[in-house]
Amino acid sequence: MLEFRTQGFNGYSTKYSPFFDSRIAVAASANFGLVGNGRLYILGLTADGVVPEKWFDTQDALFDTAWSEAHENQILAGAGDGSVKLFDITLSSPFPIQSWAEHAREVFSVHWNLVSKDTFLSSSWDGTIKVWDPTNAASVGTLPTHSCTYSAQFSPHNPALISAVSSDSHLRVFDLRTPASASNHLTLALPIHAAPAKPPGAAGPPTVQHAVPPSEALTHDWNKYRPTVVATAGVDRAIRTFDIRAPAQGPLAVLHGHEYAVRRVAWSPHLSDVLLSASYDMTCRVWTDGTGVKGGAGPGAMGMEHPVSLGGGREMGRMERHTEFVTGVDWCLFGAEGWCASCGWDERVLIWDVRAIMGPGG
Amino acid sequence: MANQTGRSDSAQERLSQVSGHLSSQKRGRAALLEQHPDDIVVTCALRTPMTKGGRGAFRDTQASDLLHSAFTSLLSRSGIDASLVEDIAVGNVLAPGGGATEFRAAALAAGFPVTTAVKSLNRQCSSGLQACVDIANAIKAGMIDVGVGAGVESMSTQYGPQAVSEFSELLDSVPVAKECKVPMGALSDRMARDKGVSREAQDAFAAHSFQKAERAQKQGLFDAEIAPVTVRLTDPETDEVREVTVSADDGIRAGMTAQSLAKLRPAFPGEDGSGSITAGNASQISDGAAAVLLMKRSTAQRLGQRVVGKFVAASVVGVAPLLMGVGPWKAIPAALAKAGGLDPADVDVFEINEAFASQCLWCCGELGIPEEKVNPKGGAIAFGHPLGMTGARQVSTLLTELRRTGKKVGVTSMCVGTGMGMAAVWVAE
């Protein structure tokens with residue numbers, strides 16, 4: 001396990017570079033992000049350990065970061081003052097090369113379009129998602145959620161699909177191909193707290209699972225292999241997976257275990273059933289959603305298209321080295337499947353191998 | 001834009017956002033312990049001593065005078081401006097006319113201004129609790145801001161057959177209605193037999209109550225909740241009137257054991273002379289008064305009142321008249337459910353009125369409440385059950401004990417004659 005101290009700054013988000021397996025970015029904030037400066041660290045993984053290659057200081061706290069998918073040296077950060085900033089890490093200037101200030105409140109997530117690579121988005125506590133073109137000084141679109149939106153993403157499979165979770169306990173999906181009618185591209189608003197449906201054709205007594213009260217959704221992630229599967233998590237401590245083709249069906253899987261709110265979930269880039277989570281309970285946990293074939297299943301494997309599991313998922317291991325809220329976790333895209341980075345309010349970035357924490361059953 | 005608002009405002013908002021992630025999912029006990037401005041809180045709860053009916057130091061004292069004493073002590077201990085108290089509810093069972101007239105007069109005499117309203121109410125043995133709950137609900141509903149829930153009973157002067165009027169032919173013609181007039185001792189004896197609560201178990205429970213009360217009294221654990229009362233007392237032999245100050249319960253007998261209680265004769269013997277309920281394993285007939293000052297937490301903070309606990313939820317249930325003793329068994333789960341889905345294990349202390357050892361024992365057993373959580377300072381078997389007072393008395397007993405031991409969650413409950421039960425959930429602070 002490698003470690004780096006973000007001295008004086010509490011981590012909020014960490015992301016591996018999509019271009020280099022030795023580069024990690026961390027968005028961090030002084031004073032737990034309540035008041036004061038932010039700092040975006042660019043860390044290099046070297047033979048001598050983790051070294052800071054560069055950092056950018058910002059006026060207000062930074063809550064999320066995302067690497068450009070088009071340019072290996074450019075990176076986004078979302079700030080507490082409502083601005084979205086784009087930095088070029090090769091420049092000696094301490095300032096961003098572009099800053100967009102349209103959100104009225106804290107920007108809590110930024111995400112680059114993984115397919116078309118020419119746009120990115122931001123989501124904010126002001127109840128909107130904004131879509132941006134890095135060459136344009138103004139946003140190219142605004143998608144209202146009317147609810148504090150902690151997390152928004154482009155689908156990794158389709159450049160026109162945008163998903164978001166927000167404090168109203170809903171997963172929304174916007175399709176930019178639909179006409180911008182009164183619904184503002186909104187094609188789906190799925191209640192995360194809804195009860196799971198009975199599996200089709202299941203006999204026997206009704207399931208004992210009930211709907212739970214709505215609670216703030218803080219994070220979500222698209223599965224990298226199953227293009228319609230999204231995992232969500234938040235204040236009610238449970239991680240849920242949904243198939244957006246069957247919103248009325250309720251969650252496919254519900255994973256219980258975290259003792260406090262879950263701040264981040266991330267599907268494995270290597271295995272279709274494995275995801276990582278980071279929580280206020282100071283742990284990172286690795287889970288299977290119960291759909292995987294032992295040993296790892298590739299895309300298109302049998303059973304992937306029709307996941308029938310209403311659960312069967314389980315925790316496969318946990319990393320308990322953080323000593324404060326864990327706020328960010330991300331997988332390394334390269335090399336052996338299992339390397340990841342996590343950051344938290346303990347001013348530490350940990351780089352570790354998921355396989356090292358998995359129990360014998362994993 | 002966020003950065004145009006004050007910096008401290010935005011920091012505060014971010015803090016509440018993050019704390020919302022951590023707190024909003026609290027359920028059960030954790031949620032209960034949270035403090036909110038609209039909580040209904042207790043800032044003072046006290047009681048007079050309880051003395052034996054007909055023989056104790058209050059034998060010549062009217063209920064109104066006991067109430068007056070509780071009121072004056074409440075005003076002086078809490079330091080509340082009496083003119084801020086908008087309503088007083090007094091639970092009482094035996095006074096003719098409900099005591100409405102003399103209780104209003106007692107409030108005025110104690111220093112409450114004419115603007116403070118007073119009512120009396122009667123839900124039998126739960127009257128004192130009902131009074132506190134009524135005041136709490138009136139505050140919650142916004143009808144009043146500050147109120148007093150109280151209870152008083154002078155069983156010395158008012159206990160007797162006149163407490164129940166003659167049943168009409170109509171009532172006597174309906175079997176379940178007629179059962180309402182079966183004396184509680186008799187029906188409890190039958191219930192003990194039907195439910196299989198043995199005489200030995202009852203005596204052991206009763207002896208334990210005496211022992212706990214004796215120990216608590218010796219250690220001075222009642223002192224914090226008792227406000228001493230000065231009364232005039234006529235010596236029955238010399239007719240000499242003297243003034244005495246009473247500061248302790250007089251019903252607590254030292255050295256009681258299950259063996260000594262086993263010698264007592266059944267109080268309600270059947271035709272064959274059988275029966276398990278005795279004067280030793282049933283509540284004592286006593287006199288006393290208690291008062292509880294209630295308001296919202298925000299009001300308490302504004303007035304500088306020290307919060308000693310909060311009222312969370314209450315329940316009232318009905319049961320068959322002949323099974324009135326099972327009331328707490330039904331009322332306690334209902335109150336716990338209303339308090340946010342608590343489990344009996346979430347509760348630290350239960351104050352369950354010991355109307356009869358048999359029914360209290362049975363209820364605790366059915367609910368799975370461990371013995372050490374029930375009436376840690378003893379109960380009505382040891383120190384008495386002035387009917388209307390008990391519900392309000394339990395609040396001061398409970399909160400004092402919870403605060404002394406650093407515990408938090410408590411329940412008060414009692415069975416109610418004619419087949420009811422009441423329970424309330426409180427949190428000490």
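Let me start with B:Leu261, which, leaving aside its neighbours within four places in sequence, is in contact with B:Asp203, B:Ala206, B:Ala207, B:Met256, B:Thr278, B:Gly280 and B:Asn281, where contact between two residues is taken to be C-beta atoms, placed from the backbone, lying within 7 Å. What we are looking at is a predicted model, in which local features need pLDDT of at least 70, side-chain atom pairs count only at pLDDT 80 or more, and totals for chains, interfaces and linings use all residues. Residues are numbered from 1 along each chain as its sequence is written, while chains are lettered from A and ligands numbered from 1 in the order in which they are written.

B:Leu261 sits in helix H11, residues 258-262 of chain B; helices here are DSSP runs of H or I with at least four residues, strands are runs of E with at least two, and both are numbered from the N terminus. Is B:Leu261 buried or exposed? It is buried, because 23 other C-beta atoms lie within 10 Å, the rule being that 20 or more such atoms within 10 Å make a residue buried, 12 or fewer make it exposed, and anything in between is partly exposed, again with C-beta atoms placed from the backbone.

Turning to the chain as a whole, chain B has 16 helices and 12 strands, and buried residues make up 55% of its 429 residues. Of the contacts in chain B with a separation of 6 or more, 81% are between residues 24 or more positions apart. Chain A, by contrast, has 0 helices and 28 strands, with 52% of its 362 residues buried, and there the corresponding share of contacts is 48%.

Next, the cores, by which I mean sets of buried Ala, Val, Leu, Ile, Met, Phe, Trp, Tyr and Cys residues joined through C-beta atoms within 7 Å. The largest nonpolar core has 132 residues, and those touching the most other members are B:Leu67, B:Ala70, B:Ala150, B:Leu294, B:Ala335 and B:Ala424. Strand E12 of chain B, residues 420-428, gives this core its largest share, 8 residues. Apart from it lies another core, of 95 residues, including A:Val26, A:Trp125, A:Ala152 and A:Cys284.

Helix H4 of chain B, residues 100-110, has as its buried residues B:Glu102, B:Phe103, B:Arg104, B:Ala106, B:Ala107 and B:Ala110, and these pack against helix H3 (63-78), strand E3 (87-91) and strand E4 (117-121) of chain B. Just after H4(B), B:Gly111 takes a positive phi of about 115 degrees.

How do two helices of chain B, H13 (residues 327-338) and H14 (residues 357-367), pack, and at what angle? The angle is about 40 degrees and the axes are 8 Å apart, the axes being lines fitted to C-alpha atoms over the stretch in contact, with angles running from 0 to 180 degrees between N-to-C directions. H13(B) and H14(B) are therefore oblique to each other, since angles under 35 degrees count as roughly parallel, over 145 as roughly antiparallel, 65 to 115 as roughly perpendicular and the rest as oblique. Where they meet, B:Pro328, B:Trp329 and B:Ile332 of H13(B) face B:Cys363, B:Glu366 and B:Leu367 of H14(B).

Finally, the contact between the chains takes 12 residues from chain B and 19 residues from chain A.
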